[in-house]
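Please open the model in your viewer, with the sequence panel alongside, and keep a selection tool ready.

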Amino acid sequence: MAILSERGETNSVRGRKIVSILLLEDLMIVPLLAIVSFLSPLQTGSETATPIWFKLLATVGAVAALIVAGIWLLNPLFRLLAQTKLREIMTAAALLVVVSAGMLMESVGLSTAMGAFIAGVLLSNSSFRHQLEADLEPFRGLLLGLFFLGVGMSLNVPLVLNNFWHIFLSVLVLMMANGIGIFFIAKLTKSSLEEALDRAFVMALGGEFAFVLFSAAANQQVISDQAQANGTAIIVLSMVLSPILILGYKFVILPRLRKEETAQPNDEINDQLPIILIGLGRMGQIVRELLVMSGYQVTVIDKNIQMVEGMATFNVKSYYGDATRPELLATAGIEQAALLIVAIDSVENTNLIVENARRLNASVPIIVRTFDRRHSLTLFEKTEIQVRETFDSALRIGKQALLKMGLDEEKVEKIGQLYFNKDHHNLCQMAEVYDPNISGFKNQPLKQMAIEQDQELTRLIQEIVNREA
């Protein structure tokens, strides 16, 4: 998380994928701690031994009780406390929830840390999460520092020296297994080579919940104290080596990887045509055909060499090149262009191309493919037209659904046209209060405007539906 924060990728698509994996990894502590409790030999064979089925039932019941309380009790509780307008009470209530959850988990033989974690997940789904996050922010850095202090103090240096090769080889096996597993899963889910490698190196270290798991296992005699000390040392050393590994990837592997990717030189663009189209994918191809079939000349640029070479077999002329580089835009004639169309599927690269184009030609009209409404608002003042990549297809699906439900075709067309026009009008209004540095859920003026716009649009559509044919 610290690395993602330093990169500014916490809210990016790449960052959200990593955070999702981390959350699932942390959630796995719940069944693992339950397994440790079931494996404990402390009461096995005793007349007073607790049956396994009772342990399982108590565990499931405690977790279910926490979830039910989190869904139905937390919001009313914090809503009542919020009326006092005392931040200290909100903070104290959050701490009370965490302590109570920890004690509940401990009472059924599980870890207090697991209870605290579940409480944190429940609080994150509360409508007061942003207020609680702000109240607890001052404690985060201090507690994080104490956590790493505790990690450092838990490293038994004499133990590491006495079992150096065993622990060292175990660290290598752990990090290699993590990295290789994450890399192949990333590739299976269609991530790029660079993204898959980055994720593998960033996430190769052991997780901090291992300390909780080892401690619980040792306390319940599932593993020996020696095994706990070895396991703790292995995880700590993986954390120590992780930054070094990431630096090695950043300065040794990544430059070579990018060099190989850019080994193909940009094509020379000899013709400076009035229209420049960036992107020859599933959207760019249709745009190019409409323009060319209508008699306009288009310079097409794409950074996928296979696409450029493949389309050439269909007599489609295009150029290979990285359009995020301003010199390529200049070579393509951006300074004299009558129109620039950006039809690629990368948010970051789209923003960079638009910024470079505006620096080279402040007056060129730009039509841009955007990912969603937030991306459209980000580029609203820099481009003339923003087309969300799924908006028109979603509108067509909605119209077809209305027809299948029996609504009159004329009414459906009017509803579709009204929705299209009002969406553009609403986007213009939202651009006045939009702030790219504030999440859409935290921007209160934007939220209020969206609610009012939806209410107005609902009223207008209902008038069309209820109007007699």
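What follows is a walk through a predicted model, from its sheet to its cores, its aromatic pairs and a few loop residues.

**The sheet**

Begin by colouring the strands, which form an open sheet of six in the order β3-β2-β1-β4-β5-β6, with parallel pairing. The edges of this sheet are β3 (319-320) and β6, each of which pairs on one side only.

Now move to strand β5 (residues 366-370), where four of the five residues are buried, so that the strand is mostly covered. On one side, three bridges join β5 to strand β4 (residues 339-342), and these two strands run parallel; if you select Ile341, its bridge partner in β5 is Ile367. β5 also pairs with strand β6 (residues 385-388), in the parallel sense and over four bridges, and here Ile367 has Ile385 as its bridge partner in β6.

Next, turn to the largest nonpolar core, which has 28 residues, and select Phe78, Met105 and Ile118, the members that touch the most others. At least two residues of this core come from each of α3 (29-39), α4 (52-72), α5 (74-82), α6 (87-107), α7 (112-124) and α12 (209-219).

Another core, of 21 residues, lies apart from the largest one, and Ile276, Ile278, Ala323 and Ile344 are among its members. As background to both stops, nonpolar side chains in soluble globular proteins tend to be buried together.

**Aromatic pairs**

A search of the whole structure finds seven aromatic pairs, and a few of them deserve a separate selection. Take Phe201 and Tyr249 to begin with: the ring centres are 4.8 Å apart and the planes lie at 20°, so the pair counts as stacked. Because Phe201 belongs to helix α11 (residues 193-202) and Tyr249 to helix α13 (residues 225-261), the pair ties together parts that are 48 residues apart in sequence. Phe201 and Tyr249 are both buried.

Then select Phe391 and Phe420, an aromatic pair that is tilted, with 6.0 Å from centre to centre and 50° between the planes. Phe391 is in helix α19 (residues 391-404) and Phe420 in helix α20 (residues 409-431), so that this pair links distant parts of the chain, 29 residues apart. Is each of these two residues buried or partly exposed? Phe391 counts as buried, at 13% relative accessibility, whereas Phe420 is partly exposed, with a relative accessible area of 38%.

A further selection, of Phe164, Trp165 and Phe168, shows a cluster linked by ring pairs.

**Loop residues**

Select Gln272, which lies in the loop between α13 and β1 (275-278) and counts as partly exposed at 47% relative accessibility. Apart from neighbours within four places in sequence, Gln272 is in contact with Ala330, Thr331, Ala332, Gly333 and Gln336, and its side chain reaches the backbone oxygen of Thr331 at 3.2 Å. Draw a distance from Gln272 to Asn219 as well: the two are 53 residues apart in sequence and 74 Å apart in space, C-alpha to C-alpha.

Gln221, in the loop between α12 and α13, has a positive phi of about 60° although it is not a glycine, and Gln221 is exposed, with a relative accessible area of 52%. Asn315 is placed in the loop between α15 (305-312) and β3; Asn315 is likewise not a glycine and has a positive phi of about 65°, and it is exposed, with a relative accessible area of 74%.

Note on methods. Residues numbered from 1 in each chain as written. Predicted model: local features only at pLDDT ≥ 70, side-chain atom pairs only at ≥ 80, totals over all residues. Heavy atoms only, no water. Phe/Tyr/Trp six-rings, centres within 6.5 Å; stacked < 30°, edge-to-face > 60°. Buried < 20%, exposed > 50% of the residue type's maximum accessible area, 1.4 Å probe, protein only. Core = buried A, V, L, I, M, F, W, Y, C linked by side-chain atoms within 4.5 Å. Pairing = 2+ DSSP bridges. Contact = heavy atoms within 4.5 Å. Polar contact = N/O pair within 3.5 Å; in protein donor to acceptor, adjacent residues only side chain to side chain.
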